Amino acid sequence: MHSDEEVSGDTGVIKQLGDELFIALVDGLGHGSEAHIAAAGAAKYLDGARLKNSLIDIMQGLHKHLKGTRCAVVALCRLNQRTGMLNYVGVGNISVKIYAPKPIRFVPREGIVGYIISTLREETLVLSEGAILVLHSDGLPAHLDFSEVVSRQGSSARDIAETLVSEFGKKDDDASCIVVKV
């Protein structure tokens, strides 16, 4: 959260759907109450959305829902915990990185959810056991490699996320992070 604000414009949604884990990270534009209203509106929409639909359909529905708000940048992921299959759709500058023997970083589509988005594309790959999925807002520098923190033995996903935000979070912006160990 921005150091001068009482509410955050970032929010995350994680839902277990059978073998699948639905993950969303939302960063309302700017910070403060207007960004919080957009992020909370996105979370409310996702809470009621049919999360088994394609991620493109979910993102398009969210785009319509956020019209008239401050808008947001959003990353959506669906991880099949049995097969390791990961689906991803992103708009804007939410970073989605996979720390594994061959690290991967997804490239989001340009745009602002609720204002204007380019043609959406869903990406799919299979994660190996032991891979670590990290989603973070621009409150953490996108160019940094967090391998050292992510690879600390015995660290839980929660510990990794909290360490990334406390050690690397910008003091003048909301910072959020979701970590999932495969």
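**Strand β4 and its surroundings**

Strand β4 pairs with strand β9 (residues 123-126) in the antiparallel sense, over four bridges. Pairing here requires that DSSP finds at least two bridges between two strands. Strands (E, at least two residues) and helices (H or I, at least four) are DSSP runs, numbered from the N terminus. Within this pairing, Leu86 has Leu125 of β9 as its bridge partner.

Colleagues, the model before you is predicted: local features need pLDDT of at least 70, side-chain atom pairs count only at pLDDT 80 or more, and totals for chains, interfaces and linings use all residues. Residues are numbered from 1 along each chain as its sequence is written, and side-chain values use heavy atoms, with hydrogens and water left out.

Strand β4 also pairs with strand β3 (residues 72-80), again in the antiparallel sense, over six bridges. There, Val89 in β4 is the bridge partner of Leu76. The two strands form a hairpin with four residues between them, and Gly84 in the turn has a positive phi of about 80°.

How much of strand β4 is buried? Six of its seven residues (85-91) are, so the strand is largely enclosed by the rest of the structure. Buried means under 20% relative accessible area, exposed means over 50%, and partly exposed lies in between (1.4 Å probe, protein chains only).

I turn now to the aromatic residues. The whole structure contains two aromatic pairs. In the pair of Tyr88 and Phe106, the ring centres are 4.4 Å apart and the planes stand at 15°, so the pair is stacked. For Phe, Tyr and Trp (its six-membered ring), rings pair if their centres lie within 6.5 Å; planes under 30 degrees apart count as stacked, over 60 as edge-to-face and the rest as tilted. Tyr88 is buried, at 1% relative accessible area, and Phe106 is buried as well, at 3%. The second pair, Phe146 and Phe168, is tilted, with 5.0 Å centre to centre and 55° between the planes. Phe146 is buried at 1% relative accessibility, whereas Phe168 is partly exposed at 26%.

Finally, the salt bridges. The structure holds seven of them, each being a side-chain nitrogen of Lys or Arg within 4 Å of a carboxyl oxygen of Asp or Glu. One of them joins Arg82 and Asp19, whose closest N and O atoms are 2.9 Å apart. This pair links distant parts of the chain: Arg82 lies in the loop between β3 and β4, and Asp19 in the loop between β1 and β2 (20-28), 63 residues apart. Arg82 is exposed, at 61% relative accessibility, while Asp19 is partly exposed, at 38%.
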